[in-house]
Amino acid sequence: MKIIIINGPNLNLLGKREPDVYGNQDFDSYFAQLKANHSNVTLEYFQSNIEGEIINKLQETGFSYDGIILNAAAYTHTSVGIGDAVKAIATPVVEVHISNTFSREEFRHHSYISAHARGVILGFGLKSYELALLSFTNP
Ligand code: DQA
């Protein structure tokens, strides 16, 4: 099974960025743990701060991979283009957020992605990614 995690803007700063909201762990070390604990899955990771690069990666992987775990970060709330890309591709997408976006500012309550996603997991910290992964491996 081939799965990719796609992370959007500012998620390269995890561990340093607002640790009270996003925790103290950087994503590379979390990803290494996740890979080790799910060695039966071919797991890849891509991060970009650039909207078009996220769309390109969705198109590249969206007709051949078994699953996409997408945290589009701030673009979740702004990007019709990423929402359209999720709608356009064949690979199922699970939308993930580290924080509970519904307990935060109003502008974080809307997602252009959710309507086209297989499901949404949010609010469980970095564990949200593992829960999304389990939705593919232990459906
Ligand atoms: C986030 C929530 C977004 O509102 C925010 O812009 C992010 C991260 C999360 O994982 O909790 O950058 O997607």
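**Close-up views of a predicted model**

**View 1. Tyr-75 and its surroundings.** Tyr-75 counts as buried, because 24 C-beta neighbours lie inside 10 Å and the threshold for a buried residue is 20 or more. The structure shown here, in this view and in those that follow, is a predicted model. Tyr-75 belongs to the loop between E3 and H4, and its contacts, leaving aside residues up to four places away in sequence, are Gly-8, Pro-9, Glu-51, Ile-54 and Ile-82. Glu-60 is 15 residues from Tyr-75 along the chain, and the C-alpha atoms of these two residues are separated by 19 Å.

**View 2. The five-stranded sheet.** The strands are arranged in the order E2-E1-E3-E4-E5, forming an open sheet in which the pairing is parallel. At the edges stand strand E2 (42–47) and E5, each of which pairs on one side only. From one strand to the next, the twist averages 20 degrees. Helix H3 packs on this sheet, where it touches E1, E2 and E3, and its direction makes about 170 degrees with that of E1.

**View 3. Strand E1 between its two partners.** E1 is mostly covered, with five of its six residues buried. Six bridges join E1 to E2, and these two strands run parallel; within this pairing, Ile-5 stands opposite Tyr-45 in E2. Five bridges join E1 to E3, again with the strands running parallel, and here the bridge partner of Ile-6 is Leu-70 in E3.

View 4. E3 is joined to E4 by three bridges, and the two strands run parallel; Leu-70 stands opposite Glu-95 in E4. With residues up to four places away in sequence left out, Leu-70 touches Ile-6, Val-93, Glu-95, Val-96 and Ile-113.

**View 5. The largest nonpolar core.** In soluble globular proteins, nonpolar side chains tend to be buried together. The largest nonpolar core of this model has 24 residues, and Ile-69, Leu-70, Ile-82 and Val-96 are the ones that touch the most other members. Two or more residues are given to this core by each of strand E1 (2–7), helix H3 (51–61), strand E3 (67–71), helix H4 (80–88), strand E4 (93–97), strand E5 (119–122) and helix H5 (127–137). The largest share, four residues, comes from E1.

View 6. Most residues other than glycine have a negative phi. Asn-10, in contrast, has a phi near 75 degrees, a positive value in a residue other than glycine. This residue lies in the loop between E1 and helix H1 (19–22), and it counts as partly exposed because it has 14 C-beta neighbours inside 10 Å. Ala-73, which is not a glycine either, has a positive phi of about 50 degrees. The loop between E3 and H4 holds Ala-73, and this residue is partly exposed, with 17 other C-beta atoms within 10 Å.

**View 7. Glu-53 in helix H3.** Glu-53 lies in helix H3, the helix that packs on the sheet and touches E1, E2 and E3. With 14 other C-beta atoms within 10 Å, Glu-53 is partly exposed. Glu-53 and Tyr-129 are 76 residues apart in sequence, and from C-alpha to C-alpha they are 21 Å apart in space.

How values were computed
Residues are numbered from 1 along each chain as its sequence is written. This is a predicted model: local features need pLDDT of at least 70, side-chain atom pairs count only at pLDDT 80 or more; totals for chains, interfaces and linings use all residues. A nonpolar core is a set of buried Ala, Val, Leu, Ile, Met, Phe, Trp, Tyr and Cys residues joined through C-beta atoms within 7 Å. A residue is buried if 20 or more other C-beta atoms lie within 10 Å of its own, exposed if 12 or fewer, and partly exposed in between; C-beta atoms are placed from the backbone. Two residues are in contact if their C-beta atoms, placed from the backbone, lie within 7 Å. Two strands pair if DSSP finds at least two bridges between them. Axes are lines fitted to C-alpha atoms, for helices over the stretch in contact, and angles run from 0 to 180 degrees between N-to-C directions.
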